[in-house]
Structure formats: C-alpha cells, structure tokens
Amino acid sequence: MLSDFETQLLSVMMMVIMLGMGASLTFKDFAISLRKPTGIAIGLVTTYLLTPIVGVTLATVLQLPPAYAVGLILMACLPGGTTSNIFNYFSKGVLSLSLLMTIVSTLFAVVLVPLTLGFFSQGIEGEWRIPPENVARVLFVLLVPTLIGMLLRKWNANVGAVIEMIGGLLGVVVILFLVVSWVPRNYGLLLSTPWQIYFAAIGLGVFGFGVGYAFARVVRQDKRRARTIALETGIQNGPLGVLIVLLTFKGEQQQAVLLIPVLYSLFIVLTSSALTVWFRRITAGEEQARENAKVGALGKA
C-alpha cells in the first residue's frame, strides 16, 4: 500500500512535524497549563475518552473485522497535532485553547495512548493486536524532536516560530502527498472497499466534531470555544497512526490495518476544510453583529 520510499519519507516527515510541535511550545506553557485545569480536563477527556468511544462505537455498530477495527481504534486513541491548530487559526477559533489542548494531549501521549489503546482494544487479540509497548516506544522516540523544537524556541523565538509553521504545514502536506501518490496507485482497492470502511474512516472525524462540540457546550464553554474544541476533537494525528501501523505489521496484515488510517488521513482534510469555512463564517457573523451592536449603542448615546 505504501512503497519503501514512502515509508521512509513518512518517518522523516513525522520527525519534522514533531519538531514543529515542540517549537510551538515553551516551558512557560507547562506552568500556564497547570493553572488552567479546565483546559487540561477538556483536552484529556476529548482526546483520551470521547474520541476512543466514538471509534469503538463505530467499529461495533458497523461490525468491522478485526483488521479494520484495530486501525480505527488506533486512530481514535491518538492525540491531535499542529494540523488542528492550523485549521483553528483559519476558522477564527480560540487559538490559545487549541494550543493548550495540543500541549495536554502531547504531554500525556506517551502514557495515555498505550493505556487507552490497550483498554479500548481488549476484544482484539492475537495477530491483530497492536502491542501498547510498541506505541509507547514510537511516541518516546518522537519526543526527542519535540524537545529539540522546544529548545530551539527557547534559544530563538523567531526560529521557533518558523519551525512551528513548517511543522504544521507539513502535516497537511503529508496527507496531500498520500492523496497524490497513493490514490492513483490504489484506485482499484478504493473501488472495491465496502461502504462500511468509508463510513468508519469519515465518521471518526465527523462524529468527533459533533461530540467535541456537544461536550464543550455541556461544560458551559461559549460557542466560539466549543467550535475550537470540536476541531481539536475530530482531528487526529493521521501520519502518526500510519507510521505506527507500518512499524507494527508486515505484508498483507499491514495492508489491511493500514486502510482506515490512510482513508481517515485523506478525508479529514476535506471534512476539516469544509467545517473550517463554515466556522469562519459563523465567527465573522458574530463579530459583525457585535460591531453593529456597538455602533448602535454609540448612536443612541
């Protein structure tokens, strides 16, 4: 499904993406995040509870075979990344909240992703099981470029900002690269793939958006913050999921498990882009309404 060259290129790209992730963080962010328990709680609940529940529910309702179910649940248990920050930026979301949720999910990923994956994939055993320790090792290795990015940001803020932008954009580029190189080569596979697989791959993001927004409103976040949380909840780190599968499985087994992570990565760009345009229009309308209200109040005065 992916050539050796594409696999190696993806590994290098993931290093750069995590370098950009680290460059988006400062050591002060950790202290600030500890003083904002609401943001921490939202980040942990949406990333490591709500989204995995969405994944398991889809796998159960659609009665996916173990090969596809494990790929779906893996994607549901992964944190977001700088890609979600980019979409929140263009949607006029609350960027500080988006970054905080990214910080929280990244900080706890090494511990919580293996635990979450192990818990929610209990029914999947044998050859299709992804050993949580494998995931922990991959995430631990990826912490190295993250820490380097943080140090670069501390050394020079301008350099850090450039690396952050490159890392975030590269997350989108990786997915677009998969579209350009992978889709034409696997056209026959896409035509023969059952609708349930497409529904699961697309639904993880779409239902994640809905669950994230609903949860945010339940915990009394305003609509703009709720839209930010929705994007953060629905957007998972697709390239990371693909990399974990590539390093865990071989041969035909790898091809089967890889299908949903790849399809998710392809479609999340489309669904996130559509939602970003819609959210941006809503926010712009709210801002215009507030401006009109101010002008009206000044006129009456």
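Mentor: Glutamine 63 lies in the loop between α3 (37–61) and α4 (66–77); helices (H or I, at least four residues) and strands (E, at least two) are DSSP runs, numbered from the N terminus. This is a predicted model, in which local features need pLDDT of at least 70, side-chain atom pairs count only at pLDDT 80 or more, and totals for chains, interfaces and linings use all residues. Residues are numbered from 1 along each chain as its sequence is written, and side-chain values use heavy atoms, with hydrogens and water left out.

Trainee: What is the phi of glutamine 63 near?

Mentor: Most residues other than glycine have a negative phi. Glutamine 63 is a residue other than glycine with a positive value, and its phi is near 55°.

Trainee: Does glutamine 63 count as buried or exposed?

Mentor: Buried means under 20% relative accessible area, exposed over 50%, and partly exposed in between (1.4 Å probe, protein chains only). Glutamine 63 has 69% relative accessibility, so this residue counts as exposed.

Trainee: Which loop holds arginine 220?

Mentor: Arginine 220 has a positive phi near 65° and is not a glycine. Its relative accessible area is 79%, so arginine 220 is exposed. The loop that holds arginine 220 is the one between α10 (195–218) and α11.

Trainee: At what angle do the axes of α10 and α11 cross?

Mentor: Two packed helices are described by the angle between their axes and the distance between the axes. Axes are lines fitted to C-alpha atoms, for helices over the stretch in contact, and angles run from 0 to 180 degrees between N-to-C directions. The axes of α10 and α11 come within 7 Å, and they cross at roughly 145°.

Trainee: How many charged residues does the contact of α10 with α11 have?

Mentor: Ala, Val, Leu, Ile, Met, Phe, Trp, Tyr, Cys and Pro count as nonpolar, Asp, Glu, Lys and Arg as charged, and the others, Gly among them, as polar. The contact of α10 with α11 has seven nonpolar and five polar residues, and its charged residues number three.

Trainee: Which residues does threonine 233 touch, not counting residues up to four places away in sequence?

Mentor: Threonine 233 sits in helix α11 and counts as buried because its relative accessibility is 1%. Contact means heavy atoms within 4.5 Å. Leaving out residues up to four places away in sequence, threonine 233 touches Thr46, Thr51, Gly208 and Gly212.

Trainee: Which residues in α11 meet α6?

Mentor: Helix α6 (residues 95–120) and helix α11 (residues 223–234) pack at about 35°, with axes 9 Å apart. From α6, the contact involves Leu97, Ser98, Met101 and Thr102; from α11, Arg225, Thr228, Ile229 and Glu232.

Trainee: What is the geometry of the aromatic pair of phenylalanine 119 and phenylalanine 120?

Mentor: Rings of Phe, Tyr and Trp (its six-membered ring) pair if their centres lie within 6.5 Å; planes under 30 degrees apart count as stacked, over 60 as edge-to-face and the rest as tilted. The whole structure has five aromatic pairs. Phenylalanine 119 and phenylalanine 120 are 5.0 Å centre to centre with 90° between the planes, which is edge-to-face.

Trainee: How many helices does the chain have?

Mentor: Buried residues make up 52% of the 301 residues in the chain. The chain has zero strands, and its helices number 13.
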